[in-house]
Amino acid sequence: MSFGILLLAFNLFLATEWGATAVSHFCFKGSPYAHKVRISLNAALGDQAYVWDECEQFYFQATVAYGMRKSMNKPFNVSDVHICAETKRISFYFVVTNSSDLSKPLPKTAVEEAIRMVRPRFNNAFSLDDRTLEFLGIEPTLAPHSEPSVMVWLIVFGVIMGLIVVGLIAITIIGHRDKIKKTRASKERDEENEDKSLSGIENGISCNTLDGTEGHKNEALYPDDKLTQL
Amino acid sequence: MPRFSLPNPGLEDRIPSYEELEKRETEEVDDRPKWDNKAQYMLTCVGFCVGLGNVWRFPYLCQSHGGGAFMIPFLILLVFEGVPLLHLEFAIGQRLRKGSVGVWSSIHPYLKGMGIASMLVSFLIGLYYNSIIALVLWYIFNSFQEPLPWSKCPMTANNTGFVDECVRSSPVDYYWYRETLNISTSINDSGTIQWWLLLCLICAWAVLYVCTIRGIETTGKAVYITSTLPYLVLTIFLIRGLTLKGSVDGIIFLFTPKVEELTNPTTWLDAGAQVFYSFSLAFGGLISFSSYNSVHNNCERDAVIISVINGFTSVYAATVIYSIIGFRATEQFDACFDNNILSLTNAFDLAETSLTRGNYDEVLQYLNSTSPDIVNKLDLKTCDLQNLLSQGVEGTGLAFIVFTEAITKMPISPLWSILFFVMLFCLGLSSMFGNIEGVLVPVEDLKLFPKNWPKELITGLICLVCFFLAFIFVINSGNYWLALFDTYAGSIPLLIIAFCEMVAVVYIYGIDRFNNDIEWMIGHKPNIFWQATWRVISPLIMLVIFLFYLVIKVSEELTYITWDPDYENFPNLAEVLYPGWVSAVIVLLAGVPSLAIPCTALFLFIRNRCRKDDERGLVPSASVASVNGIINNEI
């Protein structure tokens, strides 16, 4: 019996050893199953950047497992996510294996789908964004641009054209009014002048002279003798 | 100094005498429009002189021709070319109390062509200038949103990525060339009218019509805003600019003198041309404006004041522009450097903070020596602040590409964008007032319309005609036409007209008579400086500039720059030869106004000759005074 236990233990030992070496078969730089992750803590958080240690790495594995669970509806565990080739940059490769079979890594497409599905939650978990938490090969979906811009400039244009039309009408009305005032003023002035010049003059003879009771000598009938003396 | 003047019989009959002018002045019999006050006149002239060129041509010239050293030729030519010509136009307008056609016809009937040439040049330049104002309006309308539409590239139809043309160039370039102009790849490719630009064009001509509807009555009120607002905005931008990082580098770069540029003749040529065009001389507008003054107004002082203001504005605007350009260049430099650092950090998986600007050079050297192939693959760009600062841009490129990019990097960008483009709008509009004046008054003098038509109708018709002709600037190739007009419609004819103006006043009107006129108007004779410049120095400078210009323009290849996404060096602009028919257009643009002067003279001469031949049959007789048909000495 003890031999059996020994054999079992040996088998288990061999299995984990074999599992570990098996993982290192497919988790390396350039592996067809591995995704590269790059994290820029300083760019995102500056002074408030936390240190990337084992706990953060565990958190990362857990979040990937969460994503896989959500996407494939299968019970993935933290131990199914394998991380390798870590650098000081904070970049590493990770592979996801099937929980039942350690030797079978999941294809890249399945992992991509899962990551895409939970990307916003992923970013929030680490207080990062699409730019600072990069999954090389998985492009972030771009937020669609809102397009009300056509309306804004037309509104401003409409307002300004309205002001111009109002201004035009105002100037025309004011000008018309001024012209009427001017013609009326000049007509009055003309009438005044007319009255002044024409009142009391008939046939070139001022009425005053005709009103007078004293007689006027008509010079033409009585040429002054003084002048025609020989 | 030559004191001869050409024989000019009948001059006395054509010009109003001093007594007549005094009578008109005191009795206010004249129905000619008048300025409400001196401030209106000064603001209108300043507005006409200070235009878009002060903002986007002078800073470029200053920076590319030796910075602070450029001030020397600029100031020298301002004093010897700008001020005398300005004084001449003011004085002759104030004395003869007519617009450009009237003034030159009064001096000698054969010189009517000069007025016609001024009118044609004002017309052509007004056409394309207002189209630029329409583009400024487009940017104003689009500045009322956050984020500004030229800050990000638009997405493709299915939201998978950004538009390729935008990614390859830049958001501001894309917005200007594609979303605003929708430019074609060559001037041959006319395309269709861009409806959004058409709306802006309607707005631009409508605003101009409202402001000029009753001549200086309405423009005199409008200039209180359009001439003063630019200075306010420039000051705001200066204060804002100085608080931005890198602005002082820009200003220092602008004014650092490179004295060896003074030996380059192009520097002097460009300075002379800039002074000349900046003063809006030979357009006829200044003569008109001056003719509405009281006859004893001190035009000499006005000329000096306006010249000083114009020069000061150029320098001030250059400072502001280059503070913002310095900021933009520093931003680009920082971005370039950071990009390089990021590329290296990512490629070699170094710790994030290990590579900084300080140790960049040595680390790069080390990496280059250990793994040069990886480094080469990275395509690192050399980041040079001086190089970025010296990428001088002028014209529409400065305002609509460089400056808008700088604005997107400032906080509260919509506010700065609105301020900047409203300033450009005011600068352009106040210059347009002068252009329209230079077109309207000759049209009235030439009696092209019946006399009983109200002024509002004539102004409206002119604006309408110009609006329809300006359709050529809102088609796909419109910007190429704009550049064509900009280069050829204004340059040569204006130089010719200005030279003829000086010759006409000094030698045909007579410098002695002119001196007496000025003495009568302002109280003292013009001193030796004016005499020397009017008679010899200024005409000589004009002649030299004209000849140089002619030689350069005629000998250079007719090329233009196009926006071509298929060009191998895209986003750089491709330099392409003009097609053959454009030469005909250039000849028309530059030739017709220039030839108007000799052709009109010839036409009038021939007409006079024919008339003299007809009149030979009449017998000259003296008329006798009679009352009621009875001649007095019969009684």
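Which residues does B:S417 touch, not counting residues up to four places away in sequence? The first legend below gives the answer.

A note before the views: this is a predicted model, in which local features need pLDDT of at least 70 and side-chain atom pairs count only at pLDDT 80 or more, while totals for chains, interfaces and linings use all residues. Residues are numbered from 1 along each chain as its sequence is written, chains are lettered from A and ligands numbered from 1 in the order in which they are written, and side-chain values use heavy atoms, with hydrogens and water left out.

**View 1**
B:S417 touches B:S143, B:L148, B:W150 and B:I407, with residues up to four places away in sequence left out; contact here means heavy atoms within 4.5 Å. The relative accessible area of B:S417 is 0%, so this serine counts as buried. Buried means under 20% relative accessible area, exposed over 50%, and partly exposed in between, with a 1.4 Å probe and protein chains only. From first C-alpha to last, helix 22 of chain B reaches 48 Å, close to the 48 Å expected at 1.5 Å a residue; the expected span is 1.5 Å times one less than the number of residues. After helix 22 of chain B comes B:K447, with a positive phi near 55 degrees. Helices (H or I, at least four residues) and strands (E, at least two) are DSSP runs, numbered from the N terminus.

**View 2. Helix 21 of chain B (residues 396-408) and its cover.**
Twelve of the 13 residues of helix 21 of chain B are buried, so the rest of the structure largely encloses this helix. Among them are B:L398, B:F400, B:I401, B:V402 and B:F403, along with B:E405. The cover over these buried residues includes helix 4 (52-56), helix 8 (112-141), helix 10 (171-180), helix 13 (229-242), helix 17 (299-348) and helix 22 (413-445) of chain B. If you like a quick geometry check, the end C-alpha atoms of helix 21 of chain B are 17 Å apart, which agrees with the 18 Å that its 13 residues should span at 1.5 Å a residue.

**View 3. The largest cavity, with a volume of about 50 Å³.**
The structure holds seven cavities of 30 Å³ or more. On a 1 Å grid over the protein atoms alone, a cavity is a set of points where a 1.4 Å probe fits but cannot get out; a pocket is an open set with protein on both sides within 12 Å along at least five of seven lines, and lining residues have an atom within 4 Å of a point. Grid points are joined across faces, edges and corners, and a volume is the space filled by probe spheres set on the points. Helix 17, helix 20 (385-389) and helix 21 of chain B each give two or more residues to the lining of the largest cavity. Helix 17 of chain B supplies the largest share, four residues. Residues in this lining include B:R328, B:Q332, B:L398 and B:V402. By type, the lining divides into seven nonpolar, three polar and one charged. Ala, Val, Leu, Ile, Met, Phe, Trp, Tyr, Cys and Pro count as nonpolar, Asp, Glu, Lys and Arg as charged, and the others, Gly among them, as polar.

**View 4. The second largest pocket, with about 1,800 Å³ of space.**
Of its 46 lining residues, B:D31, B:R32, B:P33, B:E444 and B:K455 are the closest to the centre. Helix 6 (149-198) of chain A gives the most to the lining of this pocket, with seven residues. From chain B, helix 7 (100-107), helix 12 (216-226), helix 22 and helix 23 (455-469) each supply at least two. The lining of the second largest pocket divides into 16 nonpolar, nine polar and 21 charged residues.

**View 5. B:S294, in the loop between helix 16 (285-291) and helix 17 of chain B.**
With a relative accessible area of 34%, B:S294 is partly exposed. Leaving aside neighbours within four places in sequence, B:S294 is in contact with B:E25, B:Q94 and B:R97. B:S294 and B:T235 are 59 residues apart in sequence and, C-alpha to C-alpha, 34 Å apart in space.
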